[in-house]
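Subject: Handover of a structure and its findings

Dear colleague,

Please find below the structure that I am handing over to you. My findings follow directly after it, and I would be grateful if you could read them with the structure open.

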Amino acid sequence: DVKVTQSSRYLVKRTGEKVFLECVQDMDHENMFWYRQDPGLGLRLIYFSYDVKMKEKGDIPEGYSVSREKKERFSLILESASTNQTSMYLCASSMTSGSTDTQYFGPGTRLTVL
Amino acid sequence: GDSVTQMEGPVTLSEEAFLTINCTYTATGYPSLFWYVQYPGEGLQLLLKATKADDKGSNKGFEATYRKETTSFHLEKGSVQVSDSAVYFCALPSSGYSTLTFGKGTMLLVSP
């Protein structure tokens, strides 16, 4: 069965801390994505990666960076967390870049920055 | 750019009622269209999709027909259950990215 796992379901951090969110997929997918989900705004793409060590900015990359050292793992990094980064973070993966490809999502990490 | 507009929620229904959630899109050409569902406490999962105009996607009693004349992909179900309570997202492939553009989501609440 398809599986995307995220390292934490809930996370509480303080302003200025460096935060790592980890995502692992077991489907040998090429593409991986990070979204944030906020009420009234839906899902917004932060970054995506189409191969190991490759990354592309999405719609809202400011304040975030990513790392993909292995095909199955895609990390989202908040260099210096701020309160406006309090949100639900969703990781997803897809087999290729095809326009009909299904994206598979993890359960999400609800991050609170105090 | 390409975009998706969904009806705002929440949509509140009684069990066995008929459901329609509207979705219209703006895009160049005829992209694939998707409905994703997010159950409480979970990530999104694909509910159904249609890859070309006039196609009908269906799954779990839900249906949506790709109508290019009205640029719409409305989600319907004849008889909803309490277990259908979730947030529903319409989506299409993003222009410029190898990913999806999602609507803002429509929450459905079904009461017994």
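E63(B) has a relative accessible area of 33% and is therefore partly exposed. Its side chain meets that of K56(B) in a salt bridge, with 3.6 Å from N to O. Please bear in mind that this is a predicted model.

Salt bridges

Side chains of opposite charge can pair when their charged atoms come close. Over all chains, the structure holds 11 salt bridges. One of them joins the side chains of E22(A) and R73(A), at 3.8 Å from N to O. This pair links distant parts of the chain, as E22(A) belongs to strand β3 of chain A and R73(A) to strand β8 (residues 73-78) of chain A, 51 residues apart. E22(A) is partly exposed at a relative accessible area of 23%, and R73(A) is likewise partly exposed, at 38%.

A further salt bridge is formed by D28(A) and K71(A), whose closest N and O atoms are 3.1 Å apart. Here too, distant parts of the chain are linked: D28(A) sits in the loop between β3 and β4 of chain A, and K71(A) in the loop between β7 and β8 of chain A, 43 residues apart. K71(A) is partly exposed, with a relative accessible area of 24%. Through shared partners, salt bridges join D28(A), E30(A) and K71(A) into one network.

Backbone features

Most residues other than glycine have a negative phi, and most peptide bonds are trans. D28(A), although not a glycine, has a positive phi of about 60°. D28(A) counts as exposed, because its relative accessibility of 54% is over 50%. In chain B, E16(B) is a residue other than glycine with a positive phi, near 80°. E16(B) is found in the loop between β2 and β3 (19-21) of chain B and is exposed, at 61% relative accessibility. A cis peptide bond, with omega about 0°, joins G9(B) and P10(B). P10(B) lies in the loop between β1 (3-6) and β2 (11-14) of chain B.

A sheet in chain A

Four strands of chain A form an open sheet in the order β1-β3-β8-β7, with antiparallel pairing. β1 (4-6) and β7 (64-70) of chain A stand at the edges with a single partner strand each, so one side of each has no neighbour in the sheet. From one strand to the next, the twist averages 20°. β1(A) is joined by three bridges to strand β3 (residues 19-25) of chain A, and the two run antiparallel. Within this pairing, V4(A) stands opposite Q25(A) in β3(A).

A buried serine in chain B

S72(B) is placed in the loop between β8 (62-65) and β9 (75-77) of chain B. S72(B) counts as buried, because its relative accessibility of 4% is under 20%. The side chain of S72(B) makes a polar contact of 2.7 Å with the side chain of T70(B). Leaving aside residues up to four places away in sequence, S72(B) touches C23(B), T24(B), Y25(B), T65(B), Y66(B) and R67(B).

The interface

The contact between the chains takes 24 residues from chain A and 20 residues from chain B. About 1600 Å² is buried between chain B and chain A, and carbon and sulfur atoms give 54% of that area. Between these chains there are zero salt bridges and five residue pairs in polar contact. On the side of chain B that touches chain A, the elements giving two or more residues are β5 (33-38), β6 (44-50), β10 (86-93) and β11 (100-102) of chain B.

Yours sincerely

How values were computed: Residues numbered from 1 in each chain as written. Chains lettered and ligands numbered in written order. Predicted model: local features only at pLDDT ≥ 70, side-chain atom pairs only at ≥ 80, totals over all residues. Heavy atoms only, no water. Buried < 20%, exposed > 50% of the residue type's maximum accessible area, 1.4 Å probe, protein only. Polar contact = N/O pair within 3.5 Å; in protein donor to acceptor, adjacent residues only side chain to side chain. Contact = heavy atoms within 4.5 Å. Pairing = 2+ DSSP bridges. Axes fitted to C-alpha atoms, helices over the stretch in contact; angles between N-to-C directions. Buried area = accessible area lost by both parts, 1.4 Å probe. Salt bridge = Lys/Arg side-chain N within 4 Å of Asp/Glu carboxyl O.
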